[in-house]
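Colleague: I am new to this structure and would like a close look at a single part, the place where the two chains meet. Please take me through it in one connected account.

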Amino acid sequence: MNRNMKNRLFYISIGLAVTICSLILLFLFGIIIWNGLPAISLDFLTNSSTNFGADGGIVYQIFGSILLILFAALICLPIALGTAIYKSEYLKNEILHKILNTLIYSLNGIPSIIFGIFGLIFFVNLLNMGISWIVGSIILSIMILPTVTLSTYQAINSIPTVYRESSSALGLNKWQVIVQVLLPQGFHGAVTGLLIGIARAIGETAPIMFIATAFSGVELPSSFLEPVSTLPTHILALAQQATNPVALQNAWGASLVLVMLVIIFSISALFIRLRHQSISKS
Amino acid sequence: MAEKALKPMLSVVEKTQDKIIQIKDLQIWINESRILNNITLSIPKNEITCIIGPSGSGKSTLIRSINRINDEVPGISTQGEIIFNGLSINNKNIDLAQLRTQIGMVFQKPCVFPKSIKENVLFGIPHLKKISKLEKFQIAEENLKAVSLWKEVAHRLHDKAISLSLGQQQRLCIARTLAIKPEVILLDEPTSSLDPISARAIEDMMVRLKKKYTIIFVTHNLQQAKRIADNLVFICDGKLIEQGPASKMLSCPSNPETKAYVTDEYCEC
């Protein structure tokens, strides 16, 4: 085989890899849209479910999912910002830096079902909070914490030192430098990380299924300590009734709505990142 | 007779009072390597002192230790004393923010904040919320005029500062430093990333500004130092080789190494 042939073979094989990768995604989307679209209607999106979820709409599931991730984001953001600022601006010791990195990556590597069990033992039983959506938000916020922390850290840490020096040289204290110079320029990193994090969190089933959700008979919660119904747990419940064609179609419809929500968060994250890149380049 | 003997002594006393900054036996290490070695020098008030020397000689480290912006550099340790207006600035308890409003600094690369031109001028002013709109405008006008930028930007004060040219940005950085009313301005090779015309504009500005401020100017451009310096400090390999009035150091330097540097820009140390 001469060099030209090798070159072509290499090109063909990487082309093949890209094609397979794109096809898998297109295939998945295709199936979800093909099966889910017939289920989607205004009634489906605005009505509550009946007959243990097999009939009716998914409005409370959509509401429950958004409520969970909204509070997860609110709980996560201050902790992630604080950790990122400390790691970037205050932590000088190399060894402590490595330890903190290891901790953050380990937290990211913990399987989601473990978070669920931890939530059940610690919050639901030990703290006696019962099955409640706020416990679900707390657990999801812990799950997305590494993503948001690292994204914020990278955004803050990549701000050139000359910005820190120029503002300190004007007589600003360290916290003023952080609040007035670093945070405004690094905040996009926190928002990007948050959107990527909640795009992942909204689809999670395992960590919330025994601590925050009920499978049927749930409406709007009137306090922090009530269960909600969410899209992924609803899909799980419907998939278990696969012999009922209406339930199955509703499962496809709910899947499509969930995928659309994930795509919205991911694309917003992409846009914020692109917009900031163009600002920092100009 | 007694009066005649007293006069030179009085002038010596006056001279030391005119020195706004005195550096005594300054030594700086970064990790294991010694960057500055027993530097002792003094900076006269309301004059331009140029620090010259080849690259890597420690000029920047020296100027950056005068407002202690070096403190944040990892692995740095400092010995010796820097006295500003009679007070040692190496004291651990000193209010650094206060010190830096008295000793302002302009860096090599213009660094404007992602805000408007006007907000950039006002950036270092404390308690900005308590200042009226009119006063803010006056501060912006006064300082932009001082750096000859007013005519160019008066009609677009609310534009992003990043839209200015590099030379204009550097003048904006100087205006921002002037706005906090320092006594001393440190400039660390402020023209090295600018075009020659912008560089000359900044040189002319320094000559104008020295009536009000003491200026310490680091440059590796000997021609520039010849144009603006009242005093020269020649540093090579972390050691102070010679310091004195620019006219004397350029025409008849007492040290052969200085002579080699000011004539051929060559240094053997």
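Modeller: **Where chain B meets chain A**

Across the interface of chain B and chain A, the rule finds one residue pair in polar contact, both residues being at pLDDT 80 or more; a polar contact is a pair of N or O atoms within 3.5 Å, where within protein one must be able to donate a hydrogen and the other to accept it, and residues adjacent in sequence count only if both atoms are side-chain atoms. The elements that give two or more residues to the side of chain B that touches chain A are helix 3 (96–102), strand 6 (103–106) and helix 7 (166–179) of chain B. Helices (H or I, at least four residues) and strands (E, at least two) are DSSP runs, numbered from the N terminus. By class, this side of chain B has twelve nonpolar, five polar and six charged residues. Here Ala, Val, Leu, Ile, Met, Phe, Trp, Tyr, Cys and Pro count as nonpolar, Asp, Glu, Lys and Arg as charged, and the others, Gly among them, as polar.

This is a predicted model, in which local features need pLDDT of at least 70 and side-chain atom pairs count only at pLDDT 80 or more, while totals for chains, interfaces and linings use all residues. Residues are numbered from 1 along each chain as its sequence is written, chains are lettered from A and ligands numbered from 1 in the order in which they are written, and side-chain values use heavy atoms, with hydrogens and water left out.

In total, 23 residues of chain B are in contact with 17 residues of chain A, contact meaning heavy atoms within 4.5 Å. The two chains bury about 1,600 Å² between them, with 65% of it on carbon and sulfur atoms. Buried area is the accessible area (1.4 Å probe) that two parts lose on being put together, summed over both. In chain B, the residues that lose the most area to chain A are Phe107(B), Cys111(B) and Phe123(B), together 28% of what that side buries.

Next come the charged pairs. Side chains of opposite charge can pair when their charged atoms come close. Between chain B and chain A the count is two salt bridges, each a side-chain nitrogen of Lys or Arg within 4 Å of a carboxyl oxygen of Asp or Glu. One salt bridge joins the side chains of Arg64(B) and Glu165(A), at 2.7 Å from N to O. Another is formed by the side chains of Lys174(A) and Glu72(B), at 3.6 Å from N to O. In that pair, Lys174(A) belongs to helix 8 (residues 174–201) of chain A, and Glu72(B) sits in the loop between helix 2 (59–66) and strand 4 (76–84) of chain B. Over all chains, the structure holds 13 salt bridges.

Some background on each partner comes from UniProt, whose positions are given in the numbering used here, with feature names shortened and annotations that may be inferred rather than shown by experiment. For chain B, an unreviewed entry lists "domain: ABC transporter" at residues 21–262. That span is 36% helix and 27% strand, and its end C-alpha atoms are 25 Å apart. For chain A, an unreviewed entry gives "transmembrane region" for several spans, including residues 57–81 and 130–156. Residues 57–81 of chain A are 92% helix and 0% strand, with end C-alpha atoms 38 Å apart. Residues 130–156 of chain A are 89% helix and 0% strand, and there the end C-alpha atoms lie 39 Å apart.
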